[in-house]
Amino acid sequence: MIRNYIKTAWRNLAKNKVFSFINIFGLAVGLACCMFIAAYLYSELTYDTYSVNSKQLYRVGLNALGNGSVTDFPMVDIAVGPGMKRTYPQILDVTRLTNRGPLFVVYKDRQFKEEKTVLVDSNFLRLFSIPLTQGDDKTALIEPKSIVITSALATKYFGNEAPVGKMLKVGNDLMKVTGVIDKVPDNSHFHYDAFISSGTFPNLQQTWSNVGYYTYVLLDKNADPKKLEAQFPQLVAKYVVPEIQHDMGVSLSEAQKAVNTFKFYLQPITDIHLHSSTKYDMEPNGDMSYVYIFGALAVFILLLACINFTNLSTASSSKRSKEVGIRKVMGSLKEWLVTQFLVESVMLTLLAMILALAIVWALLPYFNDLSGKHISIWFFLGFKAIAIGILLTLLVGILAGFYPAFFLSSFNILNVLKGTTGTEPTKKNFLQSSLVVFQFTISTALIIATFIVYQQLHYMQNKKLGYDKEQLLVLNDTYLLGNNEYAFKDQLTRDSRVVNATVSTDVPGNGNMGGTEIYPQEKASDETKNEIHCNIYRIDGNYLSTFGIKLASGRSVSPEFPADSSAVMINEAAVSELGWSKTDPIGKTIVRSGRKAYTVVGIVKDFNYTSAKQKVAPLMMLPMHRHGSIILKIKATEVSNLVADIKKQWDEYKASGPFSYYFVDEQFASLYSAEQRTGHIFTSFAVIAVIIASLGLFGLAAFMIKLRVKEIGIRKVLGASSGNITAMLSVEFLKLVLIAIIISFPITWFAMHKWLQDFAYRIDIQWWVFVLAGFIALMVALVTISFQSVKAALANPIKSLRSE
């Protein structure tokens, strides 16, 4: 029986090639989209699960009061982890990581600059289950001045030579390569290329009250992290309070008051990627809201594909009516007919699944570029993936074929043999109309969302930042020039292509600035209540003019003035947070943690020195008394020649490191890579959703027009023009699309309004976006319908009526 069903299904597919192709292709595109999104979501949701200890590893973080709210630090001080292990038996092990890059690495006569270099405890790689391909993972990082590198670095340094045992000069230290790893897994919240033994620096002061060490604890399987967290205040009282008392020279009660909001907490490592978004994280993390968004997209696109399948199947039902009638006359039961049509549906879905895999294979490189992932084709061909694919094929086949199967098997024998099916145009098919409305509701919503995402991205990239990011060339690591740094800068300023130059450790957008706690001197009696967190820039006298940053009042600080060693500029955000009026902060004093006092000599207008996703935070600008980077404001002409000339001059100074540079505007654009990817993904899936919805509408148009062939013939015989017929048929379908558009407006406005709340600076949603999206949806629908409507209107009425 099943063999007969399959043979019949194959004949019907071969007989209706156009409908079969549209059915299979539409469903295949929907399945391919669903597979792509599923792979993306799997990657996002499985971050840091590669470690065998993933369920027991927790990162220690710190919540501290700053700017009137709690600041989240995903790191703690050097002594916190070991101190916790000594105090709590539930903690089986602890490991730490702190950034040591960038460092210059020298092997023989070659020098390399490595950005991703960290200092770790000897058990770090073992706790995170990162295996060594060469070396012993139990001993590789025990000895001081030992280093484990990735295979990519090993090839870069040593070529085909065996790396283990080789000596490298890293910074100022000679280190021994004791191990090689392939690489840190892609789905990790950190990615580094070189791991240096923490024993290299054994005499570091063991403090509790600062931050800087990413600390991880391994808990006993039966430990309750919440109950353990509840005991952490005891550590604060025992170690942090006395340290604060000593450093600040205050009484015990005042020290206790200063750390009232000082709270250690535990975070599962599997939660870091999607639930930690502080500016102090090692890498930009994901966002759980995008997981929900893309998960919903996958479901909607698969539903659109199923709806498209259903509409096209019922559209061709009239061709199967006599077959159903004859089968019933010959004794076929309704259950057998339902089974036959479901087998056809599953068979067609199987063909669509095979085509979907081919689409995935062809487009996977483009999807990886689009999403920033490294998904392999073998992800879709593993045992679990194949098992899920088979279940999905059966589910989609039954879901998409359920309504057509019962619809076709319910035809009345007498009606069929008389030439009717009981589905005349007077009996409106509410379900089919509803499905088309649903399809275009989703499609229009995606079009609107795409417009708003791109508007927000354009707004952030073109928002007035408070400084001029164009034509700013940053020369990295000019401290390598030693005492020649300023001479090199002066030499460059004599070039007519260089407009201005400054030396600083800090550039807007690079996120490398330091921070501290400050409070107004006049409110020192209650410093804890009035203390705010403030970021720090170190600048010279040309910094403001080079970047085009405006002074609100006062003057700039400069290392050329000895008295400015205790002077500071602050931004308007700091003035506001300190509770001062904008008109009289000049001459006032702020006190920094550690009791260092500074006199305010200038107020700079707020400028976005981080991403425009965040509000401008308080900033203090201190005179530059050390080396940094040279930032040049250059003319727009002959840029490549200028860079080449600067490199030649760099080489003439025989710097102890290679020449490197970047442009500020390019770095600024990279701050919004996640939003750009979101915009591209929305665009891609919006286009696909519209195509699938159009195929569904095409199916419904074909179905309804076939039911009205004789009506159209009679109207033409009675004098109706082709234009009248086309308009009559099109209006009915366009009403459905218009209903879908109206439904989509409030839903999309609510969803996108909520999405925009994540941005400190955001656009207002404009009414014309909805009108334009609705117009696009209507035009797409009109073009789709017109093909069938015009064809029916131009048909010879004699052919449609002569069968009577």
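Contact here means heavy atoms within 4.5 Å. With that in hand, let us work through a few exercises together. The model is a predicted one, where local features need pLDDT of at least 70, side-chain atom pairs count only at pLDDT 80 or more, and totals for chains, interfaces and linings use all residues. Residues are numbered from 1 along each chain as its sequence is written, and side-chain values use heavy atoms, with hydrogens and water left out.

**Exercise 1. The whole chain**

Task: describe the contacts, the secondary structure and the burial of the protein chain.

Solution: 
- Start with the contacts: of those between residues at least 6 apart in sequence, 80% join residues at least 24 apart.
- Next, the elements: the chain has 26 helices and 24 strands. These are DSSP runs numbered from the N terminus (helices are H or I, at least four residues; strands are E, at least two).
- Then burial: 51% of the 804 residues are buried. Buried means under 20% relative accessible area, exposed over 50%, and partly exposed in between (1.4 Å probe, protein chains only).

**Exercise 2. Helices α24 and α25**

Task: find how α24 and α25 are oriented, and which classes of residue make up their contact.

Solution: 
- Helix α24 covers residues 722–756 and helix α25 residues 767–794; they pack at about 155°, with axes 8 Å apart. The axes are lines fitted to C-alpha atoms, for helices over the stretch in contact, and angles run from 0 to 180 degrees between N-to-C directions.
- That angle makes α24 roughly antiparallel to α25, since angles under 35 degrees count as roughly parallel, over 145 as roughly antiparallel, 65 to 115 as roughly perpendicular and the rest as oblique.
- The residues that meet include Leu729, Phe733 and Trp749 in α24, and Phe770, Leu778 and Ile785 in α25.
- Sorted by class, this contact of α24 with α25 has 18 nonpolar, five polar and no charged residues. The classes are nonpolar (Ala, Val, Leu, Ile, Met, Phe, Trp, Tyr, Cys and Pro), charged (Asp, Glu, Lys and Arg) and polar (the others, Gly among them).

**Exercise 3. Ile442**

Task: is Ile442 buried or exposed, and what does Ile442 touch?

Solution: 
- Ile442 sits in helix α15 (residues 430–462).
- With a relative accessible area of 12%, Ile442 is buried.
- Setting aside neighbours within four places in sequence, Ile442 is in contact with Phe300 and Leu304.
- Ile442 and Val690 are 248 residues apart in sequence, and their C-alpha atoms are 8.7 Å apart in space.
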